[in-house]
Amino acid sequence: MPELVLQSNTPDGTGLRRLTFDRALPGHTTPGQFVTVHVEGHKPAYFALASSPGAPVELLVKVQGDAAETLADTPAGSVIEVSEPIGHGFPVDPDDTRPLLLLATGSGLSAVKPVIDAELARGLPREVTLLYGVYTPEHVSFPERLKAWRAAGVRAHVVVSEDVPDWDGLTGFVQQAAQALGFVKPGNVVVLCGYKAMVDEAKALWLAAGARGEDLLTNF
């Protein structure tokens with residue numbers, strides 16, 4: 001079981017912590033894979049790898065549940081035991097030039113982050129749009145990445161589900177925003193990550209619109 005040294009542990013949105021570690025995991029080959037983190041006295045907890053394959057491990061921890069709460073309080077310099085990367089990740093075809101749409105909610109942004117970074121590393125050969133759902137603007141994670149993605153040509157939108165005064169962006173749920181913006185149709189490759197209800201409803205919307213099931217990608 002790999003052991004990693006925690007390099008930093010910082011807040012990154014309401015109820016979330018960003019943890020960075022000292023090295024990469026050799027078995028991390030595909031964006032969207034995840035690991036289990038072993039915290040003494042608790043059941044192993046699952047977290048998506050927010051880092052790109054080959055980069056030092058980065059995790060976004062939602063501070064909910066005993067293991068996550070303990071991990072969120074762990075100081076830099078601690079040694080953390082993790083599993084080898086698990087899962088097939090998001091099977092995004094790098095040669096596919098169709099528009100790529102990513103729907104992520106909450107901490108699910110961590111799993112799609114390396115997908116977007118992979119598209120940018122290839123020179124952004126196709127249109128990439130992110131719809132990122134949060135409760136309020138204070139729940140946004142990786143704000144510096146959102147800014148960098150937009151500057152590089154990614155259409156990154158935050159969708160707020162709560163009634164927030166003075167918010168002039170998209171509101172509601174990400175699948176509803178996708179429908180309102182005209183994305184629910186065949187011809188897009190769609191990456192889904194977040195609450196099960198969102199994933200299930202989004203799949204149903206696209207399938208009803210005539211999309212193929214193989215174009216709706218999840219990492220589980």
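## A buried charged pair

R18 and E58 are both buried, where buried means under 20% relative accessible area, exposed over 50% and partly exposed in between (1.4 Å probe, protein chains only). Their side chains meet in a salt bridge at 3.8 Å, N to O; the term covers a side-chain nitrogen of Lys or Arg within 4 Å of a carboxyl oxygen of Asp or Glu. This pair links distant parts of the chain, with R18 in strand β2 (residues 16-21) and E58 in strand β5 (residues 58-62), 40 residues apart. Helices (H or I, at least four residues) and strands (E, at least two) are DSSP runs, numbered from the N terminus.

A word on where this comes from: the model is predicted, so local features need pLDDT of at least 70 and side-chain atom pairs count only at pLDDT 80 or more, while totals for chains, interfaces and linings use all residues. Residues are numbered from 1 along each chain as its sequence is written, and side-chain values use heavy atoms, with hydrogens and water left out.

## K113 joins in

E58 has another salt bridge to look at, this one with the side chain of K113 at 3.1 Å, N to O. K113 lies in helix α2 and E58 in strand β5, so the pair ties together parts that are 55 residues apart in sequence. K113 counts as buried because its relative accessibility is 7%, and E58 counts as buried at 12%.

What else does K113 touch, leaving aside its neighbours within four places in sequence? Its contacts (heavy atoms within 4.5 Å) are A50, S51, E58, F142, R145 and W149. A polar atom of the K113 side chain also sits 2.9 Å from the backbone oxygen of A50.

Searching the whole structure turns up 14 salt bridges. One of them pairs R98 with D96, with the closest N and O atoms 2.7 Å apart. Here R98 is partly exposed at a relative accessible area of 26%, whereas D96 is buried at 16%. Shared partners also join D12, R18, E58, K113, D117, E144 and R145 into one salt-bridge network.

## The parallel sheet

Six strands make an open sheet with parallel pairing, in the order β10-β9-β8-β7-β11-β12; two strands pair if DSSP finds at least two bridges between them. At the edges stand β10 (170-171) and β12, each with a single partner strand, so one side of each is left without a neighbour in the sheet.

Inside that order, 6 bridges join β8 (residues 128-134) to β9 (residues 155-160), and the two run parallel. Y132, for example, has V158 in β9 as its bridge partner.

## Helix α5, one side in and one side out

Helix α5 (residues 196-208) has 13 residues and reaches 18 Å from its first C-alpha to its last, close to the 18 Å expected at 1.5 Å a residue. That expected span is 1.5 Å times one less than the number of residues.

Which residues of α5 are buried? They are M198, V199, A202, L205 and W206. These cover an arc of only 130° around the axis, which puts them on the same side of α5; the arc is that of the directions from the helix axis to the C-beta atoms. On the other side, K196, A197 and A208 are exposed. Covering the buried residues are, among others, β7 (100-105), α4 (174-180), β11 (189-193) and β12 (216-217). After α5 comes G210, with a positive phi near 100°.

Definitions and conventions: Polar contact = N/O pair within 3.5 Å; in protein donor to acceptor, adjacent residues only side chain to side chain.
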